[in-house]
Amino acid sequence: MLLLVSAAFHFCALWMCIVLNPHCKTEQKCSWLRELRRWNSVDVCPWEDGNHGNDLPNLTHSLPQGAHGNQESRPHRTVFTRAIEACDLHWQDRHLQHIIASDLYANYCYHDNQDGSLFDTRGWPMWHEHVPTACARVDALRSHGYPREALRLAIAVVNTLRRQQQRQLEHFRRHKKELLHKAITSITNMEGWVGHPLDPIGTLFSTLTETGRGAEEGANTCLDLSGTKNNHQSSLLCLHLLQRLLGEGESYGALAVETALIGLGQQRVMPDGLYAQEKVCRNEEQLLAKLQEVELDDTLVKIFRKQAVFLLESGPYSGLGEIVHRESVPMHTFTRYLFTSLLPHDAELAYKIALRAMRLPVLESTASSGDLSRPHHMVSVVPNRYPRWFTLSHIESQQCELASTMLTAAKGDSCKLETVLESIQKNIHSSSHIFKLAQDAFKIATLMDSLPDITLLKVSLELGLQVMRITLSTLNWRRREMVRWLVTCATEVGVYALDSIMQSWFTLFTPTEATSIVATTVMSNTTIVRLRLDCHQQENLASSARTLALQCAMKDPQNCALSALTLCEKDHIAFETAYQIVLDAAVAGMSYTQLFTIARYMEHRGYPMRAYKLATLAMAHLNLSYNQDTHPAINDVLWACALSHSLGKNELAAVIPLVVKSVKCATVLSDILRRCTLTTPGMVSALHSRRNSGKLMSLDKAPLRQLLDATIGAYINTTHSRLTHISPRHYSEFIEFLGKSRETFLMAHDGHIQFTQFIDNLKQIYKGKKKLMMLVRERFG
């Protein structure tokens, strides 16, 4: 699709060349017009901008030789629309004929210039016409074999552009105070010259560089537009072909460069549609590629300086004016070329223009929408629409490249680095691009062949801090990478930077990030070695990290408590504080999974009683139903019961009621019951006291009697629940379940009697399930 649209742009220019043939006869032009109108009316005719509509007025007829054409909006413009409009153009204007025919044509040769608009202040001819149309004439002359005439008209068009630029500057200076006070601007040219279907700037540039190189050799043809066949007159015109077309000190290459700078710096509206916008970007890159092939000399440097000043001071006519419309095409790519070109010759001007270009008003929520009703004596027709910038990601990346170029150039200059930093913080809104700039600055500052540039490192850190603030409340898949990088950067800057980010962690990190990444990294041996800290500095840094960990634990105990305990292990007071935070949050703020995890940690650290306390708190939050025999918390429950059993009878007696209340799964309860009857309780405390009698606990007495009754009850309830919706394929599994329940029943003093009664009740209640009951009788009597 993109290739088709690109072809459509070239198709449009091709037909303009055909109908603007200077020797095209009226009959032939009428024939072309009929065909073009027929093709234009076909439903599948490609549209000029590849979009589904175009609100631009007809601008082709804004000529000095006649009416301004139809200014009403058209439903859409096809690839043939401009060619159809161009059929009304002619070559009979006397001023145009003189421009094309003679190298020596100047104001003293022409006596109808009462308004002074046909020649510039030097007396060189100008051609006032819609610029793309005038350039289409140039292209048509070249295409039909008249390169010399095309060169003359191209120079006249460029003279017009330069004169127009000067007048625009003067106009803005007269109204500058009023415009800046209102903080408004308008788009002064709806059809930008860069990215235009007729490629006017590219046409002028190639004419001046390619045709201009052969100008000194003359031309083989001489164009007669007068409509007569006066051979004598033609030969006289040809005598002057070798005369220079430029003023003193000028060259075709310099004029081409200046033309490109004028076109690239024009403030113009971003067109509708993906393909038109991509055309703008592509055309700009093509022009810049041509400019980069030109080697700068003193003359070109002067032109660069002059155009840079024009761009900065021309207000609404320049894409780099003090105020630009929010929908104007950004200047980042063009300005990066200007910056690198001017930097060796005029650094102040280079930075001034680059800093001005950093803005991106379309992303500014408070940006003025501009004054769309003040045309400043030029065409200003902006559709009232919210912009859809399909190339916005490309534009933002170019903005980032411009900022990176400035950062690289400003290395070692603290004043300029601070200015560039402020511009980045103000104008770049993408966290990914700011992060890239931070990384770029870090790499430049820490090159292996030199000592770290501390100023640039601080800039990198500031950018990283901005990224943290931007992404703190928004989702970003690179967030963890960003946090780790920031800690690395702060480490390079110094211990005070690490302390600073820990002091203000709540504005930069989530509690989880602050404990699991920031504080952990700060307290690692790698960081200590990297910073070469003495014992006092190590303790101060560790103290800040522990304070951070405790603050995070208080704010988010569910996710930070364990990290806080780990970080505070070497400080008794801090560790006790973290433990108390866990106890305070355990009642309502933490889940059983988190509490069990911390309890296991406590046991591992050698605090069995604290582990027991946390385990009992976890049990209070747990609820295991009868059919959850594969629940992930089962291992934690078994561990908690084993821990209580190892601590002593009293601890086991205290935990069993919690187990009975929380666990309704018969198999889990029976597993706990058997484990408690295998060994003597209090194996841990027996090492420290003599209260352990060495006897196994009785199932007929508390606390195991309560657990046994609960287990039998759970088997009975589970059995009834299973029988409610049992299917024949589960009969064998059910029989095995009853077998396990009998083992538990038999642990009671009167267990045999209870189980027999239980089976009899099942036979009576579920006698309708004959096959199942038959299996029960076969197995249990």
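Helix H13 crosses helix H15 in a left-handed manner. A crossing is left-handed if the near helix is turned anticlockwise from the far one by less than a right angle, and right-handed if clockwise. Helices (H or I, at least four residues) and strands (E, at least two) are DSSP runs, numbered from the N terminus. The model is predicted: local features need pLDDT of at least 70, side-chain atom pairs count only at pLDDT 80 or more, and totals for chains, interfaces and linings use all residues. Residues are numbered from 1 along each chain as its sequence is written, and side-chain values use heavy atoms, with hydrogens and water left out.

H13 spans residues 347-357 and H15 spans residues 414-427. The two pack at an angle of about 15°, and their axes are 11 Å apart. Axes are lines fitted to C-alpha atoms, for helices over the stretch in contact, and angles run from 0 to 180 degrees between N-to-C directions. H13 and H15 are therefore roughly parallel. Angles under 35 degrees count as roughly parallel, over 145 as roughly antiparallel, 65 to 115 as roughly perpendicular and the rest as oblique. From H13, Glu348, Tyr351 and Leu355 meet Lys416, Thr419, Val420 and Ser423 of H15. Contact means heavy atoms within 4.5 Å. The contact of H13 with H15 comprises three nonpolar, two polar and two charged residues. Here Ala, Val, Leu, Ile, Met, Phe, Trp, Tyr, Cys and Pro count as nonpolar, Asp, Glu, Lys and Arg as charged, and the others, Gly among them, as polar.

Pro511, Ala514, Thr515, Ala519 and Val522 of H20 meet Leu541, Ala545, Leu548, Ala549, Cys552 and Lys555 of H22. Nine residues of this contact are nonpolar, one is polar and one is charged.

Aromatic pairs were also counted. Rings of Phe, Tyr and Trp (its six-membered ring) pair if their centres lie within 6.5 Å; planes under 30 degrees apart count as stacked, over 60 as edge-to-face and the rest as tilted. The count comes to 14 aromatic pairs. Phe304 and Tyr337 form a tilted pair, 5.8 Å centre to centre with 55° between the planes. This pair links distant parts of the chain. Phe304 lies in helix H11 (residues 298-313) and Tyr337 in helix H12 (residues 332-342), 33 residues apart. Both Phe304 and Tyr337 are buried. Buried means under 20% relative accessible area, exposed over 50%, partly exposed in between (1.4 Å probe, protein chains only). Trp505 and Phe506 form an edge-to-face pair, 6.1 Å centre to centre with 80° between the planes. Trp505 is buried at 3% relative accessible area, whereas Phe506 is partly exposed at 46%. Ring pairs also link Trp15, Trp32, Trp39 and Phe80 into a cluster.

Thr719 lies in helix H30 (residues 704-724). Its relative accessibility is 0%, so Thr719 counts as buried. Neighbours within four places in sequence aside, Thr719 contacts Phe734, Phe737, Leu738, Phe758 and Leu762.

Across the protein chain, the secondary structure comes to 33 helices and zero strands. Of its 781 residues, 52% count as buried. Among contacts between residues at least 6 apart in sequence, 76% join residues at least 24 apart.
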